Amino acid sequence: MVVRLRAEVLDPQGVTIGKALEHLGYDNVASLRQGKVFDVELQTDDPAQAERELTAMAKALLANTVTETFEVRVLPESGDD
Amino acid sequence: MRVGVVYYPGSNCEQDAVWACQAVGLEAETIWHKRSTLQGYDALILAGGFSYGDHLRCGAIARFSPVMAAVERFAADGGLVLGICNGFQVLTEMGMLPGALLANAGLKFRCQDLLMRVERNDSPYTNACDPGQVLRMNMAHYQGNYFADPETVAQLEENGQVVMRFCGPQGERAPRFNPNGSIHDIAAISDPSGRIMGLMPHPERVMDPALGSVDGRFLFESLRDAIAARQSPEAVSVAVLPQQV
């Protein structure tokens with residue numbers, strides 16, 4: 001799950017990080033915004049159920065929808081643990 | 001007249017809040033977040049600090065503490081609830097107050113004195129203040145930058161829910177007097193009834209001349225008088241904001 005600050009919310013951390021990249025010589029950085037990633041392992045094989053549960057989790061706790069948006073991606077078990 | 005001060009793992013201002021209540025003649029005691037019933041309280045304070053280490057977002061985990069369902073019932077039944085600093089963050093996370101607290105505009109944890117202007121002196125927390133009175137407070141936070149979408153901010157202003165604003169020595173507004181970047185210089189907001197209020201500054205830390213200011217007393221004396229007014233039926237209106245027309 002990816003949680004991002006809403007576009008209308010200023011992200012001073014992102015601005016600072018973007019400036020640091022500029023200082024390193026990456027001149028093409030037009031903007032940078034920082035977000036959060038939650039890797040959640042669910043005990044289900046049903047992608048639809050997984051998406052429902054993750055969406056509920058985002059609304060209940062993982063994102064504050066006043067300031068953040070969230071995006072749920074359901075991936076099959078990677079097996080590389 | 002008894003005040004309960006709710007605290008969580010990581011809170012650090014609960015004893016100061018108890019002491020501040022007692023300093024103005026209120027009875028007060030701490031309430032551990034595991035409690036699920038609240039009886040015999042005339043007002044509740046959600047204490048400042050760093051509940052659950054500020055993990056995820058400030059106040060996001062505290063919101064699910066067992067005591068919070070009882071706090072919501074207490075508020076729904078018309079109780080007075082004051083959230084200070086982290087307590088304000090908890091109230092917004094719960095949706096008991098609108099908006100959210102973002103990282104300070106300068107990305108610094110700021111521990112300093114500040115000035116704020118009383119926008120309404122008819123709330124349970126400001127009735128001992130003069131209109132427009134400038135109070136010297138203390139702040140200590142990283143995430144106190146009040147944010148809400150433009151419609152919500154307009155509504156707050158229209159309803160008179162902005163109780164206090166950051167200001168200069170004469171009560172004047174300017175970006176340099178806003179220590180955290182809060183929208184509209186907001187320092188304290190209430191719900192539409194005025195009974196639930198949140199603020200980032202710490203009134204409980206400015207109760208003694210040795211600490212640089214005694215202006216916190218105005219808020220705690222207001223709370224004391226509001227509780228007293230609510231207990232004498234003919235004066236109940238003092239404790240509830242009249243709706244602005």
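Predicted model: local features only at pLDDT ≥ 70, side-chain atom pairs only at ≥ 80, totals over all residues.
Over all chains, the count of salt bridges comes to 13. In chain B, Glu29(B) pairs with Arg2(B), and the closest N and O atoms of this salt bridge are 3.1 Å apart. Glu29(B) belongs to strand E2 (residues 27–32) of chain B and Arg2(B) to strand E1 (residues 2–7) of chain B, so the pair ties together parts that are 27 residues apart in sequence. Glu29(B) has a relative accessibility of 28% and counts as partly exposed. Arg2(B), at 24%, also counts as partly exposed, because the class covers values between the 20% limit for buried and the 50% limit for exposed residues.

A further salt bridge joins Glu119(B) to Arg165(B), with the closest N and O atoms 3.2 Å apart. This pair links distant parts of the chain, 46 residues apart: Glu119(B) sits in the loop between strand E6 (110–118) and strand E7 (134–141) of chain B, and Arg165(B) sits in strand E9 of chain B. The two partners fall into separate accessibility classes.

Asp39(A), Glu41(A), Asp45(A), Asp46(A) and Glu77(A) form a negative surface patch. Within this group, Asp46(A) is placed in the loop between strand E2 (35–37) and helix H2 (47–62) of chain A. The relative accessible area of Asp46(A) is 35%, and the residue is partly exposed.

Helix H3 of chain B, residues 86–94, is mostly covered, with nine of its nine residues buried. Just after H3(B), Gly95(B) adopts a positive phi of about 80 degrees.

Asn180(B) is located in the loop between strand E9 (162–166) and strand E10 (186–190) of chain B. Its relative accessible area is 0%, and Asn180(B) is buried. The side chain of Asn180(B) reaches the backbone oxygen of Gly144(B) at a distance of 2.8 Å.

Ser213(B) is placed in the loop between strand E11 (196–199) and helix H5 (216–231) of chain B. With a relative accessible area of 7%, Ser213(B) is buried. A polar atom of the Ser213(B) side chain lies 3.0 Å from the backbone oxygen of Arg136(B). On the side of the backbone nitrogens, that of Asp215(B) lies 3.0 Å from a polar atom of the side chain of Ser213(B).

The loop between E11 and H5 of chain B also holds Ala210(B). In contrast to the buried Ser213(B), Ala210(B) counts as exposed, at 69% relative accessibility. Ala210(B) and Gly106(B) are separated by 104 residues in sequence, and their C-alpha atoms are 29 Å apart in space.

Another exposed position is Cys111(B), for which the relative accessibility is 55%. Cys111(B) is found in strand E6 of chain B. From Cys111(B) to Leu156(B), 45 residues apart along the chain, the C-alpha separation is 27 Å.

Terms used: Residues numbered from 1 in each chain as written. Chains lettered and ligands numbered in written order. Heavy atoms only, no water. Patch = residues over 30% accessible without salt bridge, like charges linked within 9 Å, V, L, I, M, F, W, Y side chains within 5 Å. Areas by Shrake-Rupley, 256 points an atom, 1.4 Å probe, with all protein chains shown as cover. Salt bridge = Lys/Arg side-chain N within 4 Å of Asp/Glu carboxyl O. Lys, Arg positive; Asp, Glu negative; His and termini not counted. Charge placed at Lys NZ, Arg CZ, Asp CG, Glu CD. Helix = DSSP H or I, 4+ residues; strand = E, 2+ residues; numbered from the N terminus. Buried < 20%, exposed > 50% of the residue type's maximum accessible area, 1.4 Å probe, protein only. Polar contact = N/O pair within 3.5 Å; in protein donor to acceptor, adjacent residues only side chain to side chain.
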